[in-house]
Amino acid sequence: MNRQYTYEQIEQLIPQRAPIKMIDSAVSVENLSVQTSLLVRDSNWFYSDGYLLEAGLVEHIAQSAAAMVGMKNEDAPKEGYIGDIKNFKVSRLPRLGELIQSRVMVIAQLDSITMVEAESKIGNELVASAQMKVFLAE
Amino acid sequence: MLDYSRIISENINEKQAVFLIELLPSCPVYEGHFPGNPIAPGACTIEMVRQCASIALQREVRITGIRHCKFIQLLRPGTPKILTLQLSWQDNILNAVVLAETEIAIQLKMDIR
């Protein structure tokens, strides 16, 4: 069963708010992965001179992982932090108006630590990938 | 990314640099990260490292990869007031360490161009 969250409903999944809310939509795919999106707007916190910065991709992936965890919890979203990033690669910076679509898969989960693998694409073009550990506050 | 941090001092050498930095509690990012509980977003600190590297290398540094980045301590703006950022680079690899007082808060190794 796939569950879909719109822009407004994202706040049920993640605790980050404007100006650093970095996902626009989220869909869970068979409880194993989540597909998120982010349109590059000039109002984005990490927007600079026509592009979304590298750190914007990092935060977008981290919040996508948080959304995945949020879908499994019925409670109010917990605050989460990046613990560890490995093999983050950026092939190019997303431009203004481009739609980033990311797929995040859980590799391992242990109590409050979730390890994910993520890929971000624009159309069919892979622009970023990473492995990340996120921690959730108790 | 306005108003996230302020450089208090910089000491730049051929292969390394040290910056003393203050994270600004008034930064609007804390309205959203998190409401009522300001915690420095790790991604903002990565951008801060990129900006300091750009100053040290006297060019706009782009991150092409992060080999490993470890967030050891949560950082709150203002506590401690001053952070130390140590950068060192060779070829296209940049190493960064953020110290909160004498403790390592963040360790980062990235590919740049």
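Strand β6 of chain A and strand β3 (residues 63-71) of chain B pair in the antiparallel sense over 5 bridges; two strands count as paired if DSSP finds at least two bridges between them. Helices (H or I, at least four residues) and strands (E, at least two) are DSSP runs, numbered from the N terminus. The model is predicted, so that local features need pLDDT of at least 70 and side-chain atom pairs count only at pLDDT 80 or more, while totals for chains, interfaces and linings use all residues. Residues are numbered from 1 along each chain as its sequence is written, chains are lettered from A and ligands numbered from 1 in the order in which they are written, and side-chain values use heavy atoms, with hydrogens and water left out.

**Strand pairing across the chains**

**Extent of the interface**
- Chain A contributes 26 residues in contact with 29 residues of chain B, where contact means heavy atoms within 4.5 Å.
- About 2300 Å² is buried between chain A and chain B, and carbon and sulfur atoms give 63% of this area; buried area is the accessible area (1.4 Å probe) that two parts lose on being put together, summed over both.

- One salt bridge joins the side chains of Glu54(A) and Arg62(B), at 2.7 Å from N to O.

**Composition of the chain A side**

**Aromatic pair**
- Over all chains, the structure holds 1 aromatic pair; rings of Phe, Tyr and Trp (its six-membered ring) pair if their centres lie within 6.5 Å, with planes under 30 degrees apart counted as stacked, over 60 as edge-to-face and the rest as tilted.
- Tyr81(A) and Phe34(B) form this pair edge-to-face, at 6.0 Å centre to centre and 70° between the planes.
- The pair crosses between chains: Tyr81(A) lies in strand β6 of chain A, and Phe34(B) in the loop between β2 (16-23) and α1 (42-57) of chain B.

**Hairpin in chain B**
- Strand β1 (residues 5-12) of chain B runs antiparallel to β2(B), joined by 7 bridges.
- In this pairing, Ser9(B) stands opposite Leu20(B) of β2(B).
- β1(B) and β2(B) form a hairpin with 3 residues between them.

Conventions
Salt bridge = Lys/Arg side-chain N within 4 Å of Asp/Glu carboxyl O.
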